[in-house]
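The entries follow in the order in which I took them.

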Amino acid sequence: MILTALEVEQFRRFSTRHRLDGLGPGLNVLAAPNESGKSTMLKALEALFTVRHGSKAQTVKDFAPYDGGSPLVSAEFLLDGAALRMEKRFLGRSHARLLEGGRTLEGDDAENRLQALIEPDVSKRGEAGVMLGALWVAQGESFSQPTLSDANKLTLRDYLGADLGDAVGGADAARVLKRIAIDLGELLDGRGKPKGRFLTTIEGEAAAEARLVELNAKRATLAEDIATLEQTRRELAVASDAGRREVERAELAAAQAAKEELGRFDRRRAETALAAGEAERLTLGLREERKRRADRRVRLMSLTSDSERAREAAEAATLRRGRADAELARKRTAMTEAEKVVALTTARVKDAERGVERLRVLGERAMTLRQVARLEEALHRQETARGALEAIRVDDAAQRRAETAERARAAAAAALMAQATGLEIALEAGALDRVTLNGALLASGRHDLLEPAELRIEGVGVFRITPAAREMTAGMEALHRAEAELSAALAAVDCSDMHQLHAEAERRRQAQATLASARATLDAVLSDGGGKGKANAEGTLSALRQRIAVCDAELERLHARSANAATDASNVGREPDASEIQAARLALDDAQQAHLRAEQAVAAARNDMLEPDGAQRLAESVLAETQTELRLILEQCERLRVEEEAARAQEPDEALAARLDVAERALDQAERAAARVEQERPESNEAQLDARIHRLNVRIEGGRERLSQLQQECAAGEARVQAAEGLGLDEEIAATEREVSRCRGAKEACEREVAILTLLRRTLQEVEQETVERYLAPLTGAIQPSLDMLFPRSRVQVNTKFELTGVSRWREDEPLEFLSDGTREQIAVLVRLGLAELLRARGRPAMLVLDDALVFSDAGRLSTMFDILAEASERMQIIVMTCRAEAFAMLPGRRLRLQAVSGG
């Protein structure tokens with residue numbers, strides 16, 4: 001199933017029509033800020049596929065927009081390659097319409113056909129529990145696992161192809177497990193500890209064993225007392241022997257004599273060792289002195305030979321340095337001559353640069369003077385135009401007030417004339433001078449009378465005409481007020497009538513045009529300054545004058561350094577022409593070329609100096625090293641000669657040799673004397689003799705006390721043995737052993753019963769677990785590939801309600817509630833991916849929608865989840881809605897936009 005477009009109208013926050021299109025296979029990403037309607041579009045998608053159009057539930061009422069209306073949702077999608085369009089309207093004027101191929105279905109037919117297409121098994125049961133809804137993650141629901149209805153679970157069981165109850169024996173297995181639990185409950189408590197008759201047998205056995213241990217301890221004590229009595233009797237017999245005591249006294253005297261002999265030997269050995277040590281130290285000292293003298297003579301001969309070689313090397317290094325100094329002096333002279341040429345060309349370049357700079361400053365000064373003149377002229381024109389404009393008092397507001405008053409006066413006059421009494425006169429040719437109106441001759445035509453009038457016809461009489469007074473009075477008052485307002489408006493601008501006011505207004509328009517032209521000219525002049533207006537013009541004019549002053553100061557500085565100062569000063573006021581500037585630049589180019597050639601000559605001379613300079617430095621270094629080496633050798637030779645002379649002066653070699661011969665003979669005699677003494681060492685050592693003397697003293701001195709003590713111990717032992725033999729320990733031990741055997745048999749019977757029940761329960765549970773795992777293998781197998789990408793070497797734990805209960809990682813089981821929010825959120829997405837894979841494998845529509853999911857994922861986990869979604873999108877359509885555009889920028893896929901649609 002591939003959703004290609006989704007459209008809503010009057011649905012929650014969207015009162016107008018909005019459309020999400022451009023969707024296609026694989027990954028689709030809608031990145032938009034909060035409150036943009038992403039969650040509303042997902043809710044509309046759920047309504048279209050999971051809610052019947054005629055429902056009146058509260059959730060359907062919540063679809064209505066805030067200002068009321070009938071929610072409308074339509075979607076276009078591909079199913080098995082066929083294009084379909086489904087449309088639903090809820091609440092008022094509700095309807096459903098499905099366009100499939102060339103036919104259109106309405107109402108319940110459309111609903112049933114849609115269910116049959118996307119979930120045929122659910123439609124057979126008459127329930128709208130679409131599995132697609134379990135794959136759509138709404139905002140805030142990314143931590144929880146998919147919510148499956150009973151119909152969804154039945155559908156999954158159908159897909160998995162087995163019924164768990166049948167697989168494990170159904171109700172029989174449940175009854176067996178229940179009976180096992182009851183029987184175990186009679187023998188073990190909730191913590192698996194014995195209770196009831198099992199506990200009674202254990203406690204009886206423990207009590208009997210404790211009594212048996214106590215009795216055996218008593219029998220062991222009796223046997224120990226008997227053995228101790230026999231040992232005491234033997235020791236008493238030995239202690240009572242008088243001959244043995246005499247032997248011990250003789251052994252003590254012999255041990256004391258041997259210790260005195262050992263003391264005399266130790267003193268003789270120490271004396272001979274001291275003499276041998278003194279002779280050895282003297283001999284070693286004389287031998288060392290003889291060796292030092294021989295080594296010093298050999299070293300002195302070697303240093304004498306080295307000093308001759310070092311002296312020859314120093315002389316050769318001196319000659320080499322002289323040759324290097326001469327070559328370096330010659331090269332340095334050549335470089336000095338080249339540097340003089342550079343100095344001359346540098347002066348020429350500076351003179352040429354000053355000439356070019358002087359011409360540039362002269363040109364800049366002349367151009368600035370022209371700008372000042374143009375700017376001053378533009379300012380003068382603007383000020384003149386502004387003065388002329390300000391002298392005219394008529395402005396737009398005054399003109400509008402006067403024209404308004406004129407229109408009001410005309411309207412009042414027209415209204416008054418409409419109420420006037422009309423008089424139509426048609427005079428014959430001879431009567432023109434015989435008819436008067438209010439004393440004036442009256443011409444033919446219509447006359448409007450606003451006030452009482454007198455019409456006189458000569459030869460006929462007088463006619464008095466009186467208009468209606470009340471209506472005429474109000475009209476006259478309105479006319480007078482309008483005329484007063486018009487007069488006031490004209491007087492405010494010193495105009496006598498409207499013709500003069502219009503003339504003044506025309507003058508103002510002309511003055512404004514003149515001012516606008518002057519401002520345009522000023523703006524054109526100021527265009528380089530980046531601004532407009534009088535204040536900017538004055539600032540620009542000040543800056544231009546400052547620039548002229550700077551140019552004058554620069555010219556004065558250049559004149560002071562120039563060789564033609566008088567000529568340069570006379571040309572300050574003129575502007576250089578192009579030929580003069582070109583000539584100066586050519587002169588500068590020639591000077592720069594000559595300077596470049598001179599610098600190249602200096603560089604060549606400096607390069608020529610590198611080799612002789614290096615040779616001179618090397619010769620200097622070699623000479624210093626050879627001189628230092630010669631000085632050190634001579635110093636060592638002198639020190640060795642002084643030491644040799646001092647040693648001979650203190651003791652000549654012949655005397656040293658004679659004294660060494662005497663010391664070696666004395667050492668030999670002392671070593672032979674020490675060897676003779678060592679041959680006389682006694683066999684016993686001092687520690688052995690001290691121990692023997694102490695032991696014999698203790699035995700002799702404590703013999704009497706030990707004899708009395710043994711007699712008392714023997715009597716006490718005989719009394720204890722006689723008392724214990726009369727208690728009947730053997731009979732009581734035999735009875736206790738029988739009780740232990742009885743209790744142990746009962747306990748072993750209980751243990752066998754517990755083992756049998758436990759084994760039976762474990763076997764049934766293992767069979768059940770194996771069946772559950774085999775039953776859920778397709779589901780866990782669908783989840784496992786994505787889980788391996790996120791958590792390598794881990795497995796999911798799923799129960800028979802299709803709920804993920806935990807994860808096994810690193811050989812440890814972790815319950816779901818112990819995992820972090822981010823991990824639970826990622827696993828919830830993986831579970832939906834697994835369900836989608838299961839649906840897709842069974843040929844059912846599968847489409848994953850995530851609305852602001854993965855909000856608690858770190859950068860590394862988020863990247864891995866992107867890889868998982870990208871890999872899964874090769875097999876199914878995935879729509880990701882997010883407000884975190886930056887974080888999801890690395891997620892591949894087509895980018896979507898939610899747009900308003902005009903028209904119906």
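Does Asp494 count as buried or exposed? I looked this up in what is a predicted model, and I found that Asp494 counts as exposed, because its relative accessibility is 51% and the cut-off for exposed is over 50%. What had drawn me to Asp494 was its positive phi of about 60°, which it has although it is not a glycine. I then placed Asp494 in the loop between α11 (469-492) and α12 (498-526).

**Entry: Leu91**

I looked up Leu91 next, which has a positive phi of about 60° and is likewise not a glycine. Leu91 is found in the loop between β5 (82-89) and β6 (95-100). Is Leu91 buried or exposed? I noted that Leu91 counts as buried, because its relative accessible area is 19% and buried means under 20%.

**Entry: Lys259**

I turned to helix α9 (residues 242-391), where Lys259 has its place. Which residues does Lys259 contact, once its neighbours within four places in sequence are left aside? I listed Glu686, Leu689, Asp690 and Ile693. For Ile693 I also noted the separation of the C-alpha atoms, which is 9.5 Å from Lys259, although the two residues are 434 residues apart along the chain. Lys259 counts as partly exposed, because its relative accessibility of 34% falls between the cut-offs of 20% and 50%.

**Entry: Asp589**

I found Asp589 in helix α15 (residues 578-650), and with a relative accessible area of 38% I recorded Asp589 as partly exposed.

How many cavities of 30 Å³ or more does the structure hold? I noted four of them, and for the largest cavity I wrote down about 40 Å³ of space. I read its lining as Leu3, Leu6, Leu20, Met41, Leu42, Leu45, Val849, Ile879 and Met881. The elements that give two or more residues to this lining are β1 (2-9), α1 (38-50) and β19 (877-882), and the largest share, three residues, comes from α1. When I divided the lining residues of the largest cavity by kind, I had nine nonpolar, no polar and no charged.

**Entry: the chain as a whole**

I recorded 21 helices and 21 strands for the chain. Buried residues make up 36% of its 904 residues, and the chain exposes about 52100 Å², of which carbon and sulfur atoms supply 52%. I also looked at contacts between residues at least 6 apart in sequence, and noted that 72% of them join residues at least 24 apart.

**Entry: confidence**

Note on methods: Residues numbered from 1 in each chain as written. Predicted model: local features only at pLDDT ≥ 70, side-chain atom pairs only at ≥ 80, totals over all residues. Heavy atoms only, no water. 1 Å grid on protein atoms, 1.4 Å probe; cavity = no way out; pocket = protein on both sides within 12 Å on 5 of 7 lines; lining within 4 Å. Points joined across faces, edges and corners; volume = space filled by probe spheres on them. Helix = DSSP H or I, 4+ residues; strand = E, 2+ residues; numbered from the N terminus. Nonpolar A, V, L, I, M, F, W, Y, C, P; charged D, E, K, R; others polar. Buried < 20%, exposed > 50% of the residue type's maximum accessible area, 1.4 Å probe, protein only. Contact = heavy atoms within 4.5 Å. Areas by Shrake-Rupley, 256 points an atom, 1.4 Å probe, with all protein chains shown as cover.
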